[in-house]
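Please consult the sequence and structure shown here while reading.

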Amino acid sequence: MNDQVALDPQARLDRLQSQASRHETPCGTGRMVWHVWDRSGGKDPAVVLCHGGAGSWRHWVKTIEPLLDAHYRVLAADLPGLGESDFPPDGDDAFSIAGIVADGAEAILGKGVTFDVVGFY
């Protein structure tokens, strides 16, 4: 039986989280929390996953492993003000949030590294 089906939801979440590295990047005077999976040592293309509405990186639990299997580095964010991340300094408008996310991804991946962004509202 497929491990994805056999694991109870909490065990699946715990296993996936244990395989990630945790990063914190600036969010005003606070921090934005990221979970990063990379099986390639930085060689595979990167994708940034941004959850919608209220929530956290956990919205992507069923998506992360297929992306890794397709040879992507995966960065799953807790968007500012949600999950474990602190509230954004300039309110919650899309432009402020986008800047914080882009700066955070660049801090993790390196300046000039390109990445795709996937999200939903």
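## The largest pocket

The largest pocket of this predicted model has a volume of about 430 Å³, a volume being the space filled by probe spheres set on grid points joined across faces, edges and corners. A pocket is an open set of points on a 1 Å grid over the protein atoms alone, where a 1.4 Å probe fits, with protein on both sides within 12 Å along at least five of seven lines.

Its lining (residues with an atom within 4 Å of a point) comprises 17 residues, and His51, Leu79, Asp92, Ala94 and Ile97 lie nearest the centre. H4 and S5 are the elements that give two or more residues to this lining, and H4 supplies the largest share, five residues. Helices (H or I, at least four residues) and strands (E, at least two) are DSSP runs numbered from the N terminus.

## The sheet and its helix

Five strands form an open, mixed sheet in the order S1-S2-S4-S3-S5; two strands pair if DSSP finds at least two bridges between them. S1 (21-27) and S5 (115-119) are the edge strands, each pairing on one side only. S3 (residues 46-50) runs parallel to S5, joined to S5 by five bridges.

Helix H4 (residues 94-109) lies across S1, S2 (30-37), S3, S4 (73-78) and S5, at about 55 degrees to S2. Contact means heavy atoms within 4.5 Å; axes are lines fitted to C-alpha atoms, for helices over the stretch in contact, and angles run from 0 to 180 degrees between N-to-C directions.

## Basis of the model

Residues are numbered from 1 along each chain as its sequence is written, and side-chain values use heavy atoms, without hydrogens and water. In this predicted model local features need pLDDT of at least 70 and side-chain atom pairs count only at pLDDT 80 or more, whereas totals for chains, interfaces and linings use all residues.
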